[in-house]
Amino acid sequence: MGPNWTGHHPRAAWRGLLNDGKVGEHMQTKVNDVVSLERRGNVAVISIDNPPVNALSHPVREGLLASLRYAIADEDARAIVLVCAGRTFVAGADISEFDKPPQPPSLHESLDAIEVSTRPVVAAIHGTALGGGLELALACHYRVAVGSARFGLPEVNLGIIPGAGGTQRLPRLVGVNTALHMIATGAMIGATEALQSGLIDQIVEGDLTEGGVAFARQVSAEPRQHPRVRDRDEKLAEARAEPHLFDDFRASIARKSRGFLAPGVAVTAVEAAVNLPFDAGIARERQLIAELLQSEQSKAQRYFFFAERKSAKIPGLAADTPVVNVSRAAVIGAGTMGGGISMVLANAGIPVTLVEQNAENLERGLGVMRKNWEATAARGGSSQGQVEERLARITPTLNFEDIADADLVIEAVYEQLKLKKDVFAQVDRYAKQGALLATNTSGLDVNQIALATARPERVVGMHFFSPANVMKLLEVVRGDRSSDTAIASAMNMGKKMGKVPVLVGVCEGFVGNRMLAARGKQADRLLLEGALPHQVDRVMFDFGLPMGPYAMADLAAGIELRWRRRQETGEMDFIGDRLAELGRFGQKVGKGYYRYEPNSRAPLPDPEVEEIIREASRREGLQRRDISDQEILERLVYPMINEGARILEDGVAIRPGDIDVIWVYGYGWPTYRGGPMFYADSVGLAQIRDRLVALQAQHGDFFRPAALLERMAREGRRFQDWEQTRSAATVGS
Ligand SMILES: NC(=O)c1ccc[n+]([C@@H]2O[C@H](COP(=O)([O-])OP(=O)(O)OC[C@H]3O[C@@H](n4cnc5c(N)ncnc54)[C@H](O)[C@@H]3O)[C@@H](O)[C@H]2O)c1
């Protein structure tokens, strides 16, 4: 708790602090546990020290307000500098307080006190000024920052908008376009752009606090009114002259923000900044954020924020588990996946030995990598110099012995168990002791692959998703014999490669594809009963996924892959077989479940396919019927949830949140629905269980509710309350 400044003469209070003998000039006095105060000459310095990111929790707000009042009351302090200790300026509100009753002082109250301060307040920023942190800086009269500082209002990613004046103050400083970009998409900007746009007043070289104090001394010496952001109107006037600006912006984010509430609300809030007086704009912002905070979307997005962080914690793994330090990697196979994985490694600055069996494939793989990097450069994502630099990190070879200096070996050869075992026997022969050995298999038994080596404890699965250089998900597969070091190293490397690694166990399809298969079976069944691919896909698209199962099959050569697999297993699938026999191998040949116009990716319904589907129904003796969108949704999504419950029963996923992270990053499940397991909670587990029971009566045992789902439904529990009993260390942070 901070000292009680009320009842004292504030000046006397600060003096009181000083007289305690604890401080003098250039000595910090603690105002409370997280805020301290110091005077450097005629400048008061308030420091926030609330690790890890100086979040604006209740003690910070309280300490801030108290120190501000001490400082303002002190005649010797002409100006005030606000700095943060540790690695960053305030990087946000304290999200854990969102759903609790508000504890005064509110952030608004603290910010208002800064803005009306008779002494100019200078925010001195390093690290990232994010969310409430940037709003705090915006309430100050001036902002200075180190060159590496970054600024953003990422609230939209939590399904809300800034709620402490950010939507009203930011456009006044940087203009409406930049503000819209930052507030409605959550984009961050760096110090140079911040200086150019007017967000900050100076970039400080050298010591930040000293620089902030010097700046404060200078402005306080000038006989001028210190600017309050709320009073500024020049940049808003510019926007008033461009009435189309908001509609144009809405159109520009339509595709990426499809289904999300918060981005549109963010635009509305910035419109209010332009059209309403400041105080009315603040009131509007408050009303808008209050609505968003209540929304299912924001609950889902906040849930997901924590689920993603928790997924890095592995129960039972000691925090000091040693990890393999990877300074060089080897990738076996230069095909679709091997090429993408090599790109990711090279992008992360890690040199790669790329091993092929076949010179032609090696050449082709390198060509694809170059083309992909050049495409990024053409879009402005990197320079031509970087393309060459990254290519130079790849050492192609046809010689297995060349993997000898790699600390990490990732195998990405054809999906055949015998081949993979042969390859791992070779890897075992040449890889150095201590190297981490990983297979990118999508479905083969990682345990069997590990046993092809004499060091199965070093082997894990690293299941990347296609395109590997784009998709963020990495399923790290723990084999029976995988050591803690192997797990921790794979998780750690996943992060270094810019991926979201999630630990899973060995089973057919691991987590993501196992649930996808459950959905796929029902989708195919729905076609036989009366639905058509475009109806099934539309239901999934409207639900928020980027595409449905049939558009996805066309994109990812699904017809061909499954056809080849059936040829091995001897299974039959009338529709799939007919499409494959007709050479309808998907988008790359212009036809699959849909047809495609030349140079277009737009799936168009095709009568030829519909006739095949009708024939399939006839052969099954099924009378085709109209199937409602609701039925399609339930029959696709509830089996996924049921499979998710089985995955938890089997211990293949550690927690429901991990399944949700997998579906968001691997398959584009919309974060505003949290993930399949969170979605199950929002529907209600009892309702899902009841529907599965009804479907089971109608369609058979495929729909039998998992025992875990049954039990949780009976007990009135939710997946999001899943408790972790064992201790968990965060890996790689
Ligand atoms: N394509 C996907 O969407 C996807 C996604 C996740 C995982 N996977 C898995 O990744 C692996 C590779 O799939 P892909 O799509 O990249 O296959 P691909 O056919 O594009 O490439 C495989 C490459 O491995 C090379 N190769 C085969 N035997 C070799 C050997 N003994 N030594 C060195 N190189 C050899 C081949 O020449 C070929 O270039 C498979 O296990 C697959 O299941 C694929």
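In strand 3, V43 is the bridge partner of R40. Strand 3 covers residues 43-48 and runs antiparallel to strand 2, residues 35-40, with six bridges joining the two. Strands here are DSSP runs of E with at least two residues, helices are runs of H or I with at least four residues, and both are numbered from the N terminus. The model is predicted, so local features need pLDDT of at least 70 and side-chain atom pairs count only at pLDDT 80 or more, while totals for chains, interfaces and linings use all residues. Residues are numbered from 1 along each chain as its sequence is written, and side-chain values use heavy atoms, with hydrogens and water left out.

The ligand is surrounded by 22 residues, the closest being M337, E356, E415, K420 and S442; a residue is near if one of its heavy atoms lies within 4 Å. A backbone N or O atom of M337 lies 2.7 Å from an oxygen atom of the ligand, and one of T336 lies 2.9 Å from a ligand oxygen atom. Helix 17 gives three residues, the largest share of the shell around the ligand.

How values were computed:
Polar contact = N/O pair within 3.5 Å; in protein donor to acceptor, adjacent residues only side chain to side chain. Pairing = 2+ DSSP bridges.
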